[in-house]
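Student: I would like to go through this model with you. Could we take it one topic at a time?

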Amino acid sequence: MSDAHAVVVGGGIGGLSAALALHRQGWRVTVLERAPELREVGAGLSLMANAVRALDALGLGPTVRRGGHGEAPGGIRNRHGRWLSRVDATEMVRQLGTTALGVHRATLHRTLREALPASSLHTSATVEHVESDPERASVRYRTPNGSRTLTADLVVGADGLRSRVRAQLWPQHPGPVYAGSTAWRAAIAFADPVPAAITWGPGAEFGMVPIGDGQLYWYAALNAPPGGHAPDELAAVRERFGDWHDPIPALLAATPPGVVLRNDIHHLAAPLPS
Ligand SMILES: Cc1cc2nc3c(=O)[nH]c(=O)nc-3n(C[C@H](O)[C@H](O)[C@H](O)COP(=O)(O)OP(=O)(O)OC[C@H]3O[C@@H](n4cnc5c(N)ncnc54)[C@H](O)[C@@H]3O)c2cc1C
């Protein structure tokens, strides 16, 4: 496939991973990203064993492991701290070949970006229309200097939750819907050893994941109507989760104001027809 050209719409973790896989297979790849700069914001990520294996297949496993934190045996607790189930890391490695991994989103994104030829990455490029016939596709996109079109043998729609490519290919699909919960998250400095673990309470969940380099990622999810905002989001988390088991109060106490992100969770409730 040496002269085959793939256009990847979206330079998030999904788009960059797909672009790298295609590049490693000899495709010429163009990534079109609407943001003016290619960078991942956000907090941490828990990479499950299948994701770590995918990164191994892309040749990035060692780099990502160095930049993250192999998840120590954790599991699920109740809000008083009693373990409801434990993860057997030895068994996980025996069956899946790796543990899960905690990593900062920005670290993973940078690792993927640096593995791709810089010339394949185009920012300030907003895809507006994809036209496909059985032979070739064309992708029209907007740049600060006007509209451009690329032809491609393959178009990868990796333009996220509200994908324009998906909406164009499946115009009847209802698109993402609110999943019923809102989530706060933060990456903080926290060097004490903490297992990667989830805590369940009534209509609520708290997760903690060490992500390497003395950093820890926590998230708190709560069943709630959509669109809610608090004047001080950290105070809202403390109010709801501050009396849960250790080290949750300590994690919230170590969180500086202003680093807490809040997002309502949306998902594709209806599967795509193909
Ligand atoms: C609170 C929360 C916690 C999560 N925790 C985890 C976790 O622990 N582990 C895990 O594996 N997953 C987690 N996820 C899910 C994970 O974040 C997503 O699955 C993943 O980030 C999706 O990546 P993506 O590249 O598909 O999309 P995105 O990251 O949304 O990237 C899409 C990109 O496309 C660009 N784009 C959009 N439209 C256009 C256009 N028309 N033209 C050009 N570019 C365009 C956007 O600017 C963006 O850069 C979490 C999600 C949330 C909300």
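Student: Which residues does serine 181 touch, not counting residues up to four places away in sequence?
Tutor: Serine 181 touches Leu222, Asn223, Ala224, Asp264 and Ile265, where contact means heavy atoms within 4.5 Å. Please note that this is a predicted model, in which local features need pLDDT of at least 70, side-chain atom pairs count only at pLDDT 80 or more, and totals for chains, interfaces and linings use all residues. Residues are numbered from 1 along each chain as its sequence is written, and side-chain values use heavy atoms, with hydrogens and water left out.

Student: Is serine 181 buried or exposed?
Tutor: Serine 181 counts as buried because its relative accessible area is 15%. Buried means under 20% relative accessible area, exposed over 50%, and partly exposed in between, with a 1.4 Å probe and protein chains only.

Student: Where is serine 181 placed?
Tutor: Serine 181 belongs to strand 13. Helices (H or I, at least four residues) and strands (E, at least two) are DSSP runs, numbered from the N terminus.

Student: How many bridges join strand 13 to strand 16?
Tutor: There are 9 bridges between strand 13 and strand 16, and the two run antiparallel. Two strands pair if DSSP finds at least two bridges between them. Within this pairing, alanine 186 is opposite tryptophan 218 of strand 16. Strand 13 (residues 177-189) is also joined to strand 17 (residues 261-267), by 6 bridges and again in the antiparallel sense. There, valine 177 has histidine 267 as its bridge partner.

Student: Changing topic: how many aromatic pairs are there?
Tutor: The count comes to 4 aromatic pairs. Rings of Phe, Tyr and Trp (its six-membered ring) pair if their centres lie within 6.5 Å; planes under 30 degrees apart count as stacked, over 60 as edge-to-face and the rest as tilted. One of them is the stacked pair of phenylalanine 206 and tryptophan 218, at 5.6 Å centre to centre with 20 degrees between the planes. This pair links distant parts of the chain, 12 residues apart: phenylalanine 206 lies in strand 15 (residues 204-212) and tryptophan 218 in strand 16 (residues 215-223).

Student: Why does phenylalanine 206 count as buried?
Tutor: Phenylalanine 206 counts as buried because its relative accessibility is 0%. Tryptophan 218 is likewise buried, at 0% relative accessibility. An edge-to-face pair is formed by phenylalanine 241 and tryptophan 244, 4.8 Å centre to centre and with 65 degrees between the planes. Phenylalanine 241 has a relative accessible area of 0% and is therefore buried, while tryptophan 244 is buried at 5%.

Student: Which residues do the ring pairs link into a cluster?
Tutor: The cluster contains Phe206, Trp218, Phe241 and Trp244.

Student: And what lies over the face of phenylalanine 241?
Tutor: Arginine 240 does, at 5.8 Å from the ring centre. A charge sits over a ring if NZ of Lys or CZ of Arg is within 6 Å of the ring centre and within 35 degrees of the ring normal. Arginine 86 also has its charged end over a ring, that of tryptophan 83, at 3.9 Å from the centre.

Student: What does leucine 112 touch, not counting residues up to four places away in sequence?
Tutor: Its contacts are Ile13, Leu16, Ser17, Leu20, Leu55, Leu58 and Leu60.

Student: Finally, in what order do the 4 strands of the parallel open sheet lie?
Tutor: The order is 8-2-1-12. Strand 8 (121-122) and strand 12 (154-157) are the edge strands, each pairing on one side only. Strand 2 pairs with strand 8 in the parallel sense over 2 bridges, and leucine 32 stands opposite histidine 122 of strand 8.

Student: What about the sheet of 3 strands, and its order?
Tutor: That open sheet has the order 3-7-4 with antiparallel pairing. Strand 3 and strand 4 (69-70) each have a single partner strand, so one side of each is left without a neighbour in the sheet.
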